[in-house]
Amino acid sequence: MAEAATALVTGAPARAAPPSKSVEPRAGSAPWLLSAPALLLFLGLLVIPLALTAVLSLHSFDGTRGVLPDFTARNYLEVFSDPYYYEIFLRTAGLALAVTLLSVLFGVPETIILSRMKAPWRGIFLVVILGPLLVSVVVRTLGWAILVGNNGLINAGLQALGLTDEPVRLLFTMTGVVIALTHVLMPFMVISVWASLQKLDPQVENAGLSFGAAPFTVFRRIILPQIVPGILSGAIIVFALAASAFATPAILGGRRLKVVATAAYDEFLSTLNWPLGASIAILLLIANVIVIAGFNRWLERRYAQVFEG
């Protein structure tokens, strides 16, 4: 202040004060301490059991002596060299893909219709859609077993309408498993798409309609690109859960229609070959990670503007 006053009196230009250096506080170890409980829980419940399973998959097995202490890759070689396991993995991939496509096909329109409902109907139907999550997956699957049986409600209705002369075989088939698993996992797709729809500005849609665009064009050009992240998130969740599903394929698929999860279960509890069962489980995990990570990376490149926006 004194220099500025002197400069005004003498006519000399005033020197600008040096900019003050902003001191940014260092976080230090606070974030690590705050996240330590969650990290310990993550390590204890996920990382350590998976690491022990991976170690178990490298052990040898003998029918009379059980799990042996020596290490070998024979379990993985057996899985890779046996066409039986090829069929199981392909069946699991087809099941997960079919369930994911059906969840997208039915879940997205269902969520859009739900978001346009007025109170209190929106809350009532949201509870109806998400309510099955409160019921055990085993109970829901047993309900579907009753529905799709030869004497079940579905076949009784088809015969009463004259559409079929004899019961349609849905139990112990891939079709029955896909139908039931789609119903079981549909709420996860609805939740993901619902979260994206809540961020939409309805005025953008009204602007498109006011400019003369058809409703389908508005949906395709305005609404759909904005809910793509929710659809993709739901698809990844549904695919991962369908690929690793056990209860629904085991109950509705029976002993012959095996998937990877039921095959690993049989190795653990039927033949007691724990190393082979562990190797099947690890290969399922690796396949899931590769498919989901690759799919996610491709989609992030394809819809980079949507994700960044």
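1. Which helices each supply at least two residues of the nonpolar patch? Helix 2 (30-57) and helix 13 (274-302) do. Helices here are DSSP runs of H or I, at least four residues, and strands are runs of E, at least two, numbered from the N terminus.

2. This is a predicted model: local features need pLDDT of at least 70, side-chain atom pairs count only at pLDDT 80 or more, and totals for chains, interfaces and linings use all residues. Residues are numbered from 1 along each chain as its sequence is written, and side-chain values use heavy atoms, without hydrogens or water.

3. The patch lies on the surface and includes Leu-40, Phe-42, Leu-285 and Val-289. Helix 2 gives the most, with eight residues. Leu-43 is in helix 2. Leu-43 is partly exposed, at 38% relative accessibility (buried is under 20% relative accessible area, exposed over 50%, partly exposed in between; 1.4 Å probe, protein chains only).

4. The largest nonpolar core has 30 residues (a core is a set of buried Ala, Val, Leu, Ile, Met, Phe, Trp, Tyr and Cys residues joined through side-chain atoms within 4.5 Å). Leu-95, Val-99, Leu-181, Leu-185 and Ile-227 touch the most other members. Helix 8 (174-197) is one of the helices that each supply at least two residues of this core. Helix 8 gives the most, with nine residues.

5. Ser-60 is found in strand 1 (residues 59-62). Ser-60 is buried, at 4% relative accessible area. Its side chain makes a polar contact of 3.1 Å with that of Asp-70 (N or O atoms within 3.5 Å; within protein, one must be able to donate a hydrogen and the other to accept it, and residues adjacent in sequence count only if both atoms are side-chain atoms).

Conventions: Patch = residues over 30% accessible without salt bridge, like charges linked within 9 Å, V, L, I, M, F, W, Y side chains within 5 Å. Areas by Shrake-Rupley, 256 points an atom, 1.4 Å probe, with all protein chains shown as cover. Salt bridge = Lys/Arg side-chain N within 4 Å of Asp/Glu carboxyl O.
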